[in-house]
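Dear colleague,

Please find the structure below, handed over for your records. My notes on its salt bridges follow it.

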Amino acid sequence: DMPLYTDEQGRFVKPWAFGPGSNNVEIIAQDGARRRLQFYEAHSGKTCSKLRIVLGWDDAHAEVDLHILTPDGEHAFWANPLLKRGGGLDVDSVDGGGPEIFSTATPLPGNYLIYVNYWGNFNEAGYNFDPNAHDTPMITTRITIINDENTPDERQETLTVPLRRVGDLMFVRALQIAERN
């Protein structure tokens with residue numbers, strides 16, 4: 001789940017990479033109206049993500065960042081998005097609500113540490129660190145961890161983490177990835 005902020009005509013854009021096979025997107029309006037689109041990604045040669053971590057949040061003016069520490073000590077975040085062994089973060093989303101997405105097709109076995117950081121606020125004037133320049137007193141982040149995406153073994157877990165102050169760096173979870181045969 002993540003909020004979609006629209007322009008005056010009701011249009012929105014959100015980046016997302018869909019895996020091969022059947023996919024669906026559901027949009028729920030504030031009045032409860034729903035629209036679901038199911039589609040099939042036919043490019044069977046597309047590499048599937050074995051580990052994907054998605055961050056979204058509920059404040060259009062807050063800038064929240066995803067940080068991932070890998071078993072071999074690498075740190076994927078906005079200033080270091082690509083990992084040396086493959087995988088990493090997508091574009092740093094600053095247009096409200098995310099998503100920020102970490103993915104890898106070849107996760108290393110071991111512990112991944114997941115953090116979220118309330119970095120600051122963003123508006124028409126650019127970045128600012130005014131603690132009162134956000135929409136709500138508490139920003140609610142949702143972190144979804146997806147293992148073996150688009151396979152019969154797919155597993156998802158969603159966690160909710162509140163952020164209250166610019167600078168909050170919250171540990172979300174340690175994720176143990178087992179050795180694959």
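Is Arg155 buried, partly exposed or exposed? With a relative accessible area of 46%, Arg155 is partly exposed; here buried means under 20% relative accessible area, exposed over 50%, and partly exposed in between (1.4 Å probe, protein chains only).

This is a predicted model, in which local features need pLDDT of at least 70 and side-chain atom pairs count only at pLDDT 80 or more, while totals for chains, interfaces and linings use all residues. Residues are numbered from 1 along each chain as its sequence is written, and side-chain values use heavy atoms, with hydrogens and water left out.

Seven salt bridges are present in the structure, the term denoting a side-chain nitrogen of Lys or Arg within 4 Å of a carboxyl oxygen of Asp or Glu. One of them joins Arg155 to Asp148, at 3.6 Å from N to O. Asp148 is buried, its relative accessible area being 10%.

Glu26 and Arg34 form another salt bridge through their side chains (3.0 Å, N to O). Glu26 is partly exposed at 34% relative accessibility, whereas Arg34 is exposed at 57%. Salt bridges with shared partners connect Glu26, Arg34 and Arg36 in one network.

A further salt bridge pairs Arg85 with Asp72, whose closest N and O atoms lie 3.7 Å apart. This pair links distant parts of the chain, 13 residues apart. Arg85 is exposed, with a relative accessible area of 54%, and Asp72 is partly exposed at 38%.

Yours sincerely

Definitions and conventions
Helices (H or I, at least four residues) and strands (E, at least two) are DSSP runs, numbered from the N terminus.
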